[in-house]
Each structure stands twice: as structure tokens, then as C-alpha cells.
Amino acid sequence: MRKIILAATFILTALGSYAQKSEIFAPGGKAIKGYDVVAFFKDAGPVAGADSLSYQYKDAQWLFANRANLDAFKANPDMYMPQYGGFCAYGTSQGHKAPTETDTWTIVNDKLYFNYNQKVKENWSKKRDELIRKADTEWPLIKDKQ
């Protein structure tokens, strides 16, 4: 049983490390777990994208809920791209990449941010502006690392 647990831990660690090598948080190759990033701006919340409405950008597949959102992203991806590639904004401020949950989204100054979970989002929100400045400094140093 111990060998199985150790093997499972090794596999999960290896998969987690692989997933975090990318500049974009893209589990299974789908950016932001397949959610439509334009919808956070236009629909004020997470909307699942469709495989039939996808666009390859920065080594990740971006999915969209409708053709208008896909076209908007293609025309100006930097406008809709989540900050820090969709990795946790709090984690980035601390100098590391961490996965995120889509229900932790926040838009600040027309920029999309995610956090690891709701508790982390609460802590991030208390010092949001300071942590964004720190994350902006850290991101170029860690974006291409595990």
C-alpha cells in the first residue's frame, strides 16, 4: 500500500510540475480549465467554453462560449488574457506558480486575476494593490519556470 501511495504521489508531483512549466495555467492543455476568458469581462462570471470554438495561443488551447468572444480574443488577446497566465495572483506575489479555481476571479483596472481558492482570494483582497505590484515584479522571473 505504501508503494502505491508513493507512486501516486510521484505521478501527481510530476504532472503538477509539467503543468506549471507553461506560461499559461492550462490543465490538460486547455487554458483556464476550458473557461471562456472573454466571458469574465462580458458576462461577469465563469462560462465554460466549447471545444468547437477554440483558438491556439501561447501553447494553450483557449475555449470560448460563442463566436463573438472567440473573435474578440483573436483581435486582442492581451486585453482578455488573465494576469500571470491564469496562475494564482497571490502565489505569484510570493514568487511561485500555483493552480487556480475559476470562481476566484477578480477584475481590477480591466485586468483579470485568479487565485488558488476562496480563502487565498480573501487574503489577497486585503492587500490586493500591494500584492499585484509584487506579482508584477515576480512574474517575469518565474513565468517560464516550474
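Which residues line the second largest pocket?

**View 1. The second largest pocket of a predicted model.** Its lining consists of Glu23, Ile24, Lys58, Asp78, Met81, Pro82, Gln83, Tyr84, Gly85, Asp136, Trp139 and Lys143. This is a predicted model, in which local features need pLDDT of at least 70, side-chain atom pairs count only at pLDDT 80 or more, and totals for chains, interfaces and linings use all residues. Residues are numbered from 1 along each chain as its sequence is written, and side-chain values use heavy atoms, with hydrogens and water left out. The second largest pocket holds about 180 Å³ of space. A pocket is an open set of points on a 1 Å grid over the protein atoms alone, where a 1.4 Å probe fits, with protein on both sides within 12 Å along at least five of seven lines; lining residues have an atom within 4 Å of a point. The volume is the space filled by probe spheres set on the points, which are joined across faces, edges and corners. By class, the lining has 5 nonpolar, 2 polar and 5 charged residues. Here Ala, Val, Leu, Ile, Met, Phe, Trp, Tyr, Cys and Pro are nonpolar, Asp, Glu, Lys and Arg are charged, and the others, Gly among them, are polar.

**View 2. The salt bridge between Glu23 and Lys58.** The closest N and O atoms of this pair are 3.3 Å apart. Glu23 sits in the loop between α1 (2-21) and α2 (37-42) and Lys58 in the loop between β1 (50-57) and β2 (60-64), so the pair ties together parts 35 residues apart in sequence. A salt bridge needs a side-chain nitrogen of Lys or Arg within 4 Å of a carboxyl oxygen of Asp or Glu. Glu23 is partly exposed, at 21% relative accessible area. Lys58 is partly exposed too, at 35%. The cut-offs are under 20% for buried and over 50% for exposed, with partly exposed in between (1.4 Å probe, protein chains only). Both residues also belong to the lining of the second largest pocket.

**View 3. The salt bridge between Lys33 and Glu101.** Their closest N and O atoms lie 3.2 Å apart. The pair links distant parts of the chain, 68 residues apart: Lys33 is in the loop between α1 and α2, and Glu101 is in strand β3 (residues 101-108). Lys33 has a relative accessible area of 34%. For Glu101 the value is 37%.

**View 4. The salt bridge between Arg128 and Asp129.** Here the closest N and O atoms are 3.7 Å apart. Arg128 is partly exposed, at 31%. Asp129 is partly exposed, at 44%. The whole structure has 4 salt bridges.

**View 5. Aromatic rings.** The count comes to 13 aromatic pairs. Phe64 and Phe73 form a tilted pair, 5.2 Å centre to centre with 45° between the planes. Rings of Phe, Tyr and Trp (its six-membered ring) pair if their centres lie within 6.5 Å; planes under 30 degrees apart are stacked, over 60 edge-to-face, and the rest tilted. Phe64 is buried, with a relative accessible area of 0%. Phe73 is buried, also at 0%. Ring pairs link Phe25, Tyr84, Phe87, Tyr113, Trp124 and Trp139 into a cluster. Tyr84 and Trp139 are also among the lining residues of the second largest pocket.

Terms used: Helix = DSSP H or I, 4+ residues; strand = E, 2+ residues; numbered from the N terminus.
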